[in-house]
Amino acid sequence: MPRPITWYPDELAWIEAHKDWPRALRHQGFVARFDRADVSEGALNALCKRKGWLTGRNGCFPRGATPMNKGKKMLYNPNTARTQFKAGGLPHNAKGAGHEYVDTDGYVVLIVAEPNPWRPSSATRSVHKHRWLWEQANGLVPQGLRLKCLDGDKSNTDPSNWRAIPIEMGPRLNGRFGRGYDAAPAELKPTIMAITELEHAVRVARKGSAA
Amino acid sequence: MAQDKLGDLDSHLFAALERLGDQTLDPKQIEAEVARSGAIIGVADQVIQNAKIKLAAATLFAIHGAKVQPMLPQIGKSD
């Protein structure tokens with residue numbers, strides 16, 4: 001059974017005199033001064049609490065105290081300043097103009113050395129490579145049209161593989177109401193495209209005559 | 001004059017496209033062309049389906065050889 005700790009009067013007087021010390025230091029000092037290795041820090045703390053010998057600290061900043069960082073400007077630690085991101089810098093994984101990658105939809109994205117129209121201070125922007133090449137060869141894609149991949153291989157970004165079709169033709173080529181253009185064999189693709197073109201012309205003519 | 005190849009179908013389609021694109025048509029003629037083109041589209045869709053089936057049959061024969069020939073009575077017959 002553990003024995004109660006014996007406290008001697010000179011020890012108690014010392015502890016009370018040092019009640020406002022940080023706890024760890026107080027314990028160290030006590031053990032060194034009185035050679036009491038049998039007293040643990042917890043036991044000493046509990047003694048002080050029982051006797052009401054609190055440190056007087058409650059963890060709050062005293063009212064009207066000066067902040068610790070008063071007058072200092074940020075990046076006052078040279079170690080953090082060395083590696084911290086500076087304004088106007090590029091991310092460490094920035095690739096720069098000429099880089100290409102394949103996005104989640106299978107299109108090839110190219111980084112070109114032109115300012116981003118949505119962020120004019122930038123030096124580069126990313127574009128779809130097939131559209132970029134097509135527009136260099138044939139001018140801007142007209143309003144209401146989009147580029148369709150003819151052979152189904154989106155990594156073939158040559159302008160001859162892409163055709164500007166009206167947006168309305170898309171659902172008639174593929175999807176729920178489409179003719180299965182992408183899934184069809186290569187021999188039938190031109191004919192399917194021709195049928196869809198004719199259908200689109202019919203719809204336009206019908207709309208025109210109705211108006 | 002059997003015009004039953006895909007290329008002939010293409011020429012029909014493009015001819016219909018040109019007729020529709022003609023600017024000199026009056027509304028009645030446009031309607032007539034629209035109706036005719038609608039019918040052409042219907043027939044062309046069926047031709048495409050037919051072509052797909054033929055291609056599938058040819059592919060099967062190319063992969064599996066003479067084993068599947070009893071299932072494909074049209075293979076080997078010329079027009």
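User: What makes up the contact, counted in residues from chain B and chain A?

Analyst: Chain B gives 20 residues and chain A gives 18, contact meaning heavy atoms within 4.5 Å. This is a predicted model, where local features need pLDDT of at least 70 and side-chain atom pairs pLDDT 80 or more, while totals for chains, interfaces and linings use all residues. Side-chain values use heavy atoms, without hydrogens and water.

User: How do you know what area chain B and chain A bury?

Analyst: Buried area is the accessible area (1.4 Å probe) that two parts lose on being put together, summed over both. Here that comes to about 1600 Å², 80% of it on carbon and sulfur atoms.

User: Why is the pair R179(A) and D45(B) called a salt bridge?

Analyst: The rule asks for a side-chain nitrogen of Lys or Arg within 4 Å of a carboxyl oxygen of Asp or Glu. The closest N and O atoms of R179(A) and D45(B) are 2.7 Å apart, so the pair qualifies.

User: Which helices of chain B supply at least two residues each to the side that touches chain A?

Analyst: Those are α1 (6–21) and α2 (27–64), helices being DSSP runs of H or I, at least four residues long. The largest share, twelve residues, comes from α2(B). By class, that side of chain B has 15 nonpolar, two polar and three charged residues; Asp, Glu, Lys and Arg count as charged, Ala, Val, Leu, Ile, Met, Phe, Trp, Tyr, Cys and Pro as nonpolar, and the others, Gly among them, as polar.

Technical notes: Residues numbered from 1 in each chain as written. Chains lettered and ligands numbered in written order.
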